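User: I would like to go through a protein model with you. Could you help me read it?
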Amino acid sequence: MALDLTYKETIERLFEKTGSKVSPGLERTEQLLDSLGDPHRSYPSFHVAGTNGKGSTVATLDALLRSGGRRVARYTSPHLVDFRERIAIDGVPISEAALLALLRRLEPLAESIGATFFEITTAAAFAYFADEKVDVAVIETGLGGALDSTNVLDPVVATVTNISLDHTEFLGTTLQAIADEKGGIFKFGRPAVIAEPRLDLAKRLAERAAERGATPISVVRSDWRAWSVSLAGGMTSFTAATPLGRTRLSTPLMGEHQVRNTLAALATLHAAGPQYAVKKENINKALSSVTLPGRFQRVRDWVFDVAHNAAGARALAETLAARRSPPPVTIVLGVLKDKDWYGMIDALAPVADHFIITQPLTAPPERAWDPLAAAAHANACKVPVSLDLDFRIAIDRAAALPGTKVVCGSFHTVGDAMTLLGIDPGAPASRPTHE
């Protein structure tokens with residue numbers, strides 16, 4: 001990598017590797033980390049996998065751990081606007097200079113072994129966290145579990161949030177197969193936490209954890225119960241019965257599905273032992289600082305949500321209905337072709353007054369969906385449809401409409417909209433005018 005490349009040019013070169021053939025395995029990641037002195041072994045880590053909910057669980061873990069005065073690293077993907085969002089310490093993204101320096105160190109070996117985009121970025125993140133001497137890291141898998149680049153970790157606790165059909169070309173075409181792949185993050189002698197709500201899949205994940213020698217195994221649906229859920233005042237509140245006792249909890253992450261993600265994070269820390277415990281009376285204060293851009297993030301009359309599969313779309317629709325968002329509700333939808341966009345449209349149609357079907361600006365050409373077919377399906381769902389292939393026109397059209405504008409379908413769609421609207425992903429959510 002030429003030393004005179006700018007940050008933008010370097011990131012563009014890195015992204016060129018995203019189109020390369022997927023080559024599963026941990027060998028290249030291990031080689032990259034070995035060349036850096038195995039930085040991931042210099043700090044404790046928490047590892048989180050799942051089809052949906054892992055980002056919310058990671059964000060909640062981050063806030064809970066920071067409430068104890070720790071210096072906490074967070075590695076997530078993908079990003080919304082700036083690549084640096086993926087690698088952060090105490091909520092602050094890595095600097096351009098630090099990222100450039102790491103990528104330059106990795107470049108010779110990465111090129112010689114044919115390392116992929118995610119393998120390079122994972123090694124860079126783990127090295128940065130070591131360089132900065134973090135107290136603990138919270139790491140989200142990129143794709144799957146067993147063969148994900150992040151699975152070089154020997155974590156304090158490994159957690160799987162839930163299982164849905166997604167990335168079937170890589171992970172398997174059945175829920176059981178996907179559960180087996182994601183359960184590959186469980187480690188011998190380490191606690192496993194399972195937050196999948198369906199009994200059959202939770203049982204399969206528990207079997208997978210046992211096969212891998214994880215201990216103890218905690219199933220959230222059995223050990224942590226919640227009821228009396230309310231969505232009001234920009235908070236999701238619920239009563240929980242936990243090993244810590246009965247308590248009323250609130251998180252700024254909106255939606256009934258966020259109850260399970262919050263309990264997954266609490267169960268993860270509980271499994272980690274007294275060293276990571278948060279006193280019951282301090283939990284709500286810690287939860288109040290949770291931030292996660294692009295998850296039912298309201299900015300003025302816009303709602304941004306990265307729901308990109310049918311399960312995520314159903315959760316978004318349920319939250320829109322529960323929040324009684326000011327009508328009419330316009331949904332700006334841009335999805336990648338390998339996603340179940342039929343199922344997403346079916347899930348969103350009952351809460352939509354108008355669909356704007358479009359193509360996100362940054363979607364890889366090889367993953368571009370068929371907006372014409374999507375518009376036809378939305379029309380068949382008896383919802384008025386506008387088809388704007390030009391993403392800029394789609395956003396302008398939505399901006400001119402009254403009511404609530406919801407941008408969803410992929411990280412690309414949400415990130416591109418935020419860029420055009422000049423919205424910082426880290427902007428604080430607007431409080432609703434009514435519930």
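User: Which residues does Phe129 touch, not counting residues up to four places away in sequence?
Analyst: Please keep in mind that this is a predicted model. In it, Phe129 touches Tyr43, Ala73, Arg74, Tyr75, Ile87, Ala88, Ile89, Val134, Ala137 and Ile139.

User: How many residues does the largest nonpolar core have, and which have the most contacts inside it?
Analyst: The largest nonpolar core has 37 residues. Those with the most contacts inside it are Tyr75, Phe83, Ile87, Leu99, Ile120, Phe126 and Phe129.

User: Which elements each supply at least two residues of this core?
Analyst: The helices are H1 (7-15), H2 (27-35), H4 (96-113) and H5 (117-131), and the strands are E2 (72-75), E3 (87-89) and E5 (136-140). The largest share, 11 residues, comes from H5.

User: What lies apart from that core?
Analyst: Another core, of 36 residues, lies apart from it; Val156, Val157, Ala240 and Leu253 are among its members.

User: Let us turn to helices. Which residues of H7 are buried?
Analyst: In helix H7 (residues 175-182), the buried residues are Ile178, Ala179, Glu181 and Lys182. Seen down the axis of H7, they fall within an arc of 160 degrees, so they line one face of the helix.

User: Why would residues a few places apart point the same way?
Analyst: An α-helix has 3.6 residues a turn, so residues three or four places apart point the same way.

User: Now salt bridges. How many are there?
Analyst: The count comes to 18 salt bridges. One of them joins Glu107 and Arg13, with the closest N and O atoms 3.4 Å apart. This pair links distant parts of the chain, since Glu107 is in helix H4 and Arg13 in helix H1, 94 residues apart.

User: Is Glu107 buried or exposed? And what about Arg13?
Analyst: Glu107 counts as buried because its relative accessibility is 8%, below the 20% cut-off. Arg13 is partly exposed, with a relative accessible area of 33%.

User: Which residue does Lys405 meet in a salt bridge?
Analyst: The side chain of Lys405 meets that of Asp301, at 2.6 Å from N to O. Lys405 lies in strand E17 (residues 404-408) and Asp301 in the loop between strand E12 (297-299) and strand E13 (302-305), so the pair ties together parts that are 104 residues apart in sequence. Lys405 counts as buried at 1% relative accessibility, while Asp301 counts as partly exposed at 33%.

User: What does Glu196 form a salt bridge with?
Analyst: Glu196 forms a salt bridge with Arg198, and their closest N and O atoms are 2.8 Å apart. Glu196 is buried, with a relative accessible area of 0%, whereas Arg198 is partly exposed at 34%.

User: Which residues are linked in a network of salt bridges?
Analyst: Asp62, Arg66, Arg74 and Asp90 are linked in such a network.

User: Let me change topic to the backbone. Where are the cis peptide bonds at Pro78 and Pro216?
Analyst: One joins Ser77 and Pro78, with omega about -10 degrees, and Pro78 is found in the loop between E2 and E3. The bond from Thr215 to Pro216 is also cis, with omega near -10 degrees. Pro216 lies in the loop between helix H8 (199-211) and strand E8 (217-219). For background, most peptide bonds are trans, and most residues other than glycine have a negative phi.

User: What is the phi of Ser228, and what is that of Arg324?
Analyst: Ser228 has a positive phi of about 55 degrees although it is not a glycine. Ser228 lies in strand E9 (residues 225-232) and counts as partly exposed at 44% relative accessibility. Arg324, likewise not a glycine, has a positive phi of about 50 degrees. The place of Arg324 is in the loop between helix H12 (310-323) and strand E14 (329-333), and Arg324 counts as exposed at 52% relative accessibility.

User: Finally, the surface. Which residues make the nonpolar patch of about 290 Å²?
Analyst: Leu372, Leu387 and Leu389 make that patch. Leu389 is placed in the loop between strand E16 (385-388) and helix H15 (391-399), and it counts as exposed at 53% relative accessibility.

Conventions: Residues are numbered from 1 along each chain as its sequence is written. This is a predicted model: local features need pLDDT of at least 70, side-chain atom pairs count only at pLDDT 80 or more; totals for chains, interfaces and linings use all residues. Side-chain values use heavy atoms; hydrogens and water are left out. Patches are made of residues with over 30% relative accessible area and no salt bridge: like charges are joined within 9 Å, nonpolar side chains (Val, Leu, Ile, Met, Phe, Trp, Tyr) within 5 Å. Accessible areas come from the Shrake-Rupley method with a 1.4 Å probe; for residues, only the protein chains shown count as cover. A salt bridge is a side-chain nitrogen of Lys or Arg within 4 Å of a carboxyl oxygen of Asp or Glu. Helices (H or I, at least four residues) and strands (E, at least two) are DSSP runs, numbered from the N terminus. Buried means under 20% relative accessible area, exposed over 50%, partly exposed in between (1.4 Å probe, protein chains only). The arc is that of the directions from the helix axis to the C-beta atoms. A nonpolar core is a set of buried Ala, Val, Leu, Ile, Met, Phe, Trp, Tyr and Cys residues joined through side-chain atoms within 4.5 Å. Contact means heavy atoms within 4.5 Å.
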